[in-house]
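Student: I have a chain open on my screen and would like to learn how to read it. Can we go feature by feature?

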Amino acid sequence: MAAGSALPGARPGDGPDVQAASVGRVLADEHAVVRGLWRVIDVFRWLALAYAVWSAWERRDAIAHPATAVAVLAVLAAWTLAVTLRPVRDVRAYSVELAIGCAAILATRLVDDPAVITAGAKTVPSIWPTAAVVGFAVLRGWRGGLVAAAIVAACSFVEVVEPTPNTFTNSIFGLMLGGCLGYCVDLARASHAALAESMRLDAARAERDRLARTVHDGVLQTLAFINRRAGDLGGEAARLGAMAGEQERILRTLVSQTDLAEVGRAVSGDADLRGLLRHIEREDVQLVSPADPVLLPRRTADELVAAVEAALDNVRQHAGAGARAWVLVDGDDDQVEVTVRDSGTGVPPGRLQEAAGQGRLGVSSSILGRLADLGGSATVTSGPAGGTTVEMRVPIPQSRGRDRRRKDHLEGPDRSDRPTPQSDTHVRGAS
């Protein structure tokens with residue numbers, strides 16, 4: 001189905017709610033072929049019963065125990081009437097029907113003399129058990145059809161004792177019917193699932209296109225303007241500009257991508273930690289990061305940025321006037337390390353534990369707790385001459401570590417031309 005095509009039950013001018021309701025009806029509906037087969041089984045069951053009654057009447061003089069034959073046919077008629085008045089389409093119901101059909105086949109030995117059976121006389125139910133075979137093929141596909149047909153064939157061989165050519169022919173026909181019909185049902189269901197997925201994607205694209213028309217001329221242009229102007233102004237405005245730029249990128253991907261998988265990657269894929277931390281730079285905060293991207297899962301990167309912001313908030317509040325801070329980003333194949341250092345007054349021994357005991361959880365929750373939730377660690381230390389160091393480490397998922405090692409191998413071992421963070425002359429930390 002091409003994108004933008006009309007959905008069954010919905011007109012092109014209908015709103016998104018009507019389109020979504022149409023998709024829901026198709027998703028909840030069963031394939032037309034499967035629905036048709038259920039009706040065929042209901043009709044076939046009555047025709048097979050009529051044929052079984054006619055066959056018994058035709059050879060009534062050869063039947064040794066007519067009363068038993070009538071009783072067997074009455075059970076078949078009762079079940080046929082019951083499932084017609086109250087249809088049940090599940091494995092339990094068709095297991096009961098299969099058991100009734102097999103019992104009726106075996107009951108033929110109580111109806112006819114052995115010589116008549118050996119001569120090739122029809123069983124009492126005749127083709128009536130085939131309805132259960134078809135039912136299992138519809139319910140469980142080709143495997144279910146083959147199993148049900150094999151059970152019916154086994155009962156036929158037990159009933160006749162000495163198989164005749166008709167016994168083999170009927171058994172092979174039953175196996176082919178159950179297997180082929182079940183395979184066709186599997187194909188029908190697979191095509192229905194593919195159609196439903198296509199309609200879901202069409203509905204999602206149509207809704208995205210509607211939103212794109214709404215936001216393109218307003219929200220995107222506003223975010224782009226904020227990003228440009230904030231970069232020119234610098235200072236605190238740069239942080240707002242970086243946030244606006246990131247949201248513009250995500251929103252532009254949402255409204256312009258035709259590949260919905262690409263949309264998912266834009267929203268929840270990897271993020272470059274360097275770009276997410278760029279907004280923290282200002283006159284008293286310096287960011288030092290490697291030349292290569294520092295990629296982390298989106299949630300991990302956002303949490304790590306929040307922890308860095310919390311550390312810098314502590315610098316502004318507690319490090320004292322004129323304190324400067326340095327944020328160093330580094331990483332290898334196994335982990336990413338972010339170090340925040342300041343030139344402030346430092347943290348007195350026991351102060352963090354005292355603050356936590358008083359319910360002030362800025363460091364223990366915003367920094368230590370965040371890193372623990374990510375499977376990483378954080379340490380806060382102060383030197384005797386002042387200044388505080390906050391070291392935060394988060395592990396890199398193994399798959400991303402392997403990708404990075406593969407990239408390094410392809411690029412070669414010589415990486416001496418790439419700048420590395422140098423901060424030997426500064427006292428690291430955040431209060």
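Student: Where do we start: is R89 buried, partly exposed or exposed?

Tutor: R89 is partly exposed, with a relative accessible area of 32%. The classes work like this: buried means under 20% relative accessible area, exposed means over 50%, and partly exposed lies in between, with a 1.4 Å probe and protein chains only. By that scale D42 counts as buried, at 17%.

Student: What kind of model is this?

Tutor: This is a predicted model: local features need pLDDT of at least 70, side-chain atom pairs count only at pLDDT 80 or more, and totals for chains, interfaces and linings use all residues. Residues are numbered from 1 along each chain as its sequence is written, and side-chain values use heavy atoms, with hydrogens and water left out.

Student: How do D42 and R89 meet?

Tutor: Through a salt bridge, N to O at 3.0 Å. The term asks for a side-chain nitrogen of Lys or Arg within 4 Å of a carboxyl oxygen of Asp or Glu. D42 sits in helix α2 (residues 32-58), while R89 is in the loop between α3 (66-85) and α4 (91-106). The two are 47 residues apart. Helices here are DSSP runs of H or I with at least four residues, strands are runs of E with at least two, and both are numbered from the N terminus.

Student: Which residue forms a salt bridge with E97?

Tutor: R45, with the closest N and O atoms 3.0 Å apart. E97 belongs to helix α4 and R45 to helix α2, so this pair ties together parts that are 52 residues apart in sequence. E97 is buried at 2% relative accessible area, and R45 counts as buried at 1%.

Student: In what order do the strands of the open sheet lie?

Tutor: First the rule: two strands pair if DSSP finds at least two bridges between them. Here 5 strands form an open sheet in the order β2-β4-β5-β7-β6, with mixed pairing. β2 (285-288) and β6 (377-382) stand at the edges with a single partner strand each, so one side of each has no neighbour in the sheet.

Student: How many bridges join β4 to β5?

Tutor: 7, between β4 (residues 325-331) and β5 (residues 335-342), which run antiparallel. V329 has V338 of β5 as its bridge partner. β6 and β7 also run antiparallel, joined by 6 bridges. Their hairpin has 5 residues between the strands, and G386 there takes a positive phi near 105 degrees.

Student: Which residues form the nonpolar patch on the surface?

Tutor: A patch takes residues with over 30% relative accessible area and no salt bridge; nonpolar side chains (Val, Leu, Ile, Met, Phe, Trp, Tyr) are joined within 5 Å, like charges within 9 Å. Here the members are W142, L146, L175, Y183 and L187, with about 440 Å² of accessible area together. Such areas come from the Shrake-Rupley method with a 1.4 Å probe; for residues, only the protein chains shown count as cover. α8 gives the most, 3 residues. Y183 is in helix α8 and is partly exposed at 49%.
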